[in-house]
Amino acid sequence: MMNTQHAMVRWGLVLFVALTLASPEALAQVVKKRRSASAQVAAPKAKPRVVKTRKAVAPKEEPPRVVVLTVEGDLRGKVRTQLESALRRGKQTKVASLKQYATLAKKDGLKGNVLFTDGPLASVAPKMKLAGAVTGTMGPSSVTVRVLDASGVVLGEQELKLTRGKVSPSDAKAVSLRVVDLLKGAPRAFEAPSNITPSEPLAPVEPVTPPVPVAEAPPKPGRTEPAVERLVETPKPLETAPVAERPVETPKPLPEKTPRVSEPEQLAVGPQPKDGPPAMDEDPESHTTTDPFLEVALDTGSGGTVGEEPVRPPLARLTLGGTTTWRKYCTRPGVKSCGEFDKKADAEKVGDRSDFESSAPYLGIAAELELLPLARHPSALRGLGLTVGYRRGYASTDVTLFNESGQSGTREVVATDSVFTAQAMYRYFFGLGSSRQLLGYAGVKAGMLTRSFNVDAPADSPLSSTHRLFPAVGLEVSVPLLRQVRLEAAGQFFIGPKPGQGFDDDGGALNLEVSDYGTSVSSFGWEAELGVAGEVWGPFGYQVRFELSQFKDTFSGAGTRTGWNNGGVAEDTYSSIHWSLTASY
């Protein structure tokens, strides 16, 4: 009996609950609660997903990277500096370092001044992520600026006027804008391969909205059975909707925005090898302007030569030609200069004196040999060398002689003028010109010289011969303007070039060159040269120089000639033009 009552109570409760839930009011409350709960879960998850995917689809475009190469004919790099500065100020490109460009080109086996030209552009561009380069050629009054792509193909060029070796700021700015336009249309050397796809989706994904089955058709009163069936089916999408949204709601990819390099660029470039070039994103050198000439000097490691440049000094140079000389010689007793004696009154001009002046230049032959045996050696010793020269001229002219009574006479004199030099030298070589292929030098030299003016003995005149053997030190410089034109200058100081010294003393004749005028002598002298030279065809060239040499001898004591009781002076001046052909090896 008790069991039967308990069973009836349980079934009654079940029937009561079913009737209660089946009522329209209860069913509407259940659906309303579940719809509000679903909206609270799904709404905040859809918004961050859409925002995230839109940013990944449209990354910020990186500005093209460009390097400004040397401008041919721009000796001091003024125009190159202007172009580089204009590109930096525009901030639409990243300007790479020319020094780093040359360093990477050198690793590919290139040498010399080609490191700073567009020669290595095709091989260096992928390593530096270059989109192109800027170069140009200087003219007398204008410069032609060229824009190249990463492979070295000319994209465009523009001619600009020069004012004092520079372009105007407005022209430089206009060129920088044109460079940006051309480079943005050119293919880059670091574009991503087509088989690489980004990890993020390319299109936004719409959020999944949970189904609302009750909103379409509200239940009608009196139909309890379909309403209960809907109640059983509707919880399924409501329970699975939060599960489908959970993998998307965590914003883990957000830290990817913190690196400086964008994601597409990382995919294109990929990881750098361990032995590869350094990372190019932050290049401290790219923010400094370097002079190309100074950059070449940084690579100097062999006696002042331009790096390992292919143009090197010749091992040997032979010079053969002629010489044209004018000589002026005077001797005066009792004074310190010929001019001082000539200012005296005629009554005071006492003593033997002589004047020799060429009424016409005398001709001769000249030869010189320069040797640089270490010119091919890659060290500082490559500038060491030796020079040997010989000149001989023939003079035939009239000499005016004065005796102690003031009477004069004229005699014809035949003489020979001989010069022999043997000197060691050291030269510091440097490159000039648009591509630094013109080789100049500055150097020092030291050695022995001889100068002999031999007067023919049968001339029967008091004009003495002079023989000098003395050491000398000097400087020389050669500045190339073109391959065919090179300015040259040299100067020497003679150390004690006393007369009466030589290799051949014929019966003590050398002693007479001093004893005729005094008991002792002190002398000094100097020489200066200025000229042009150059190459005409292959190893053959020319050389033209003007040379001025001067000696002054001051005698003391009594000499054997009349009126030379208290010494005197002798002045000897040579003016020569040397014209020669050269052959180099």
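Reply: Here's a walk through the salt bridges, pair by pair. Keep in mind that this is a predicted model. A search of the whole structure turns up 18 salt bridges, and I'll pick out a few.

Start with Glu 547 and Arg 391, whose side chains meet in a salt bridge at 2.9 Å, N to O. Glu 547 belongs to strand β15 (residues 540–556) and Arg 391 to strand β9 (residues 384–402), so this pair ties together parts that lie 156 residues apart in sequence. Both Glu 547 and Arg 391 are buried.

Next up is Arg 451 with Asp 417: the closest N and O atoms of this salt bridge are 2.8 Å apart. Here, too, distant parts of the chain get linked, with Arg 451 in strand β11 (residues 438–455) and Asp 417 in strand β10 (residues 408–432), 34 residues apart. Arg 451 is buried, and Asp 417 is buried as well.

Then there's Glu 529, which forms a salt bridge with Arg 545, the closest N and O atoms being 3.2 Å apart. Glu 529 sits in strand β14 (residues 520–537) and Arg 545 in strand β15, 16 residues apart. Glu 529 counts as buried because its relative accessibility is 14%, under the 20% cut-off. Arg 545 is buried too, with a relative accessible area of 13%.

Technical notes: Residues are numbered from 1 along each chain as its sequence is written. This is a predicted model: local features need pLDDT of at least 70, side-chain atom pairs count only at pLDDT 80 or more; totals for chains, interfaces and linings use all residues. Side-chain values use heavy atoms; hydrogens and water are left out. A salt bridge is a side-chain nitrogen of Lys or Arg within 4 Å of a carboxyl oxygen of Asp or Glu. Helices (H or I, at least four residues) and strands (E, at least two) are DSSP runs, numbered from the N terminus. Buried means under 20% relative accessible area, exposed over 50%, partly exposed in between (1.4 Å probe, protein chains only).
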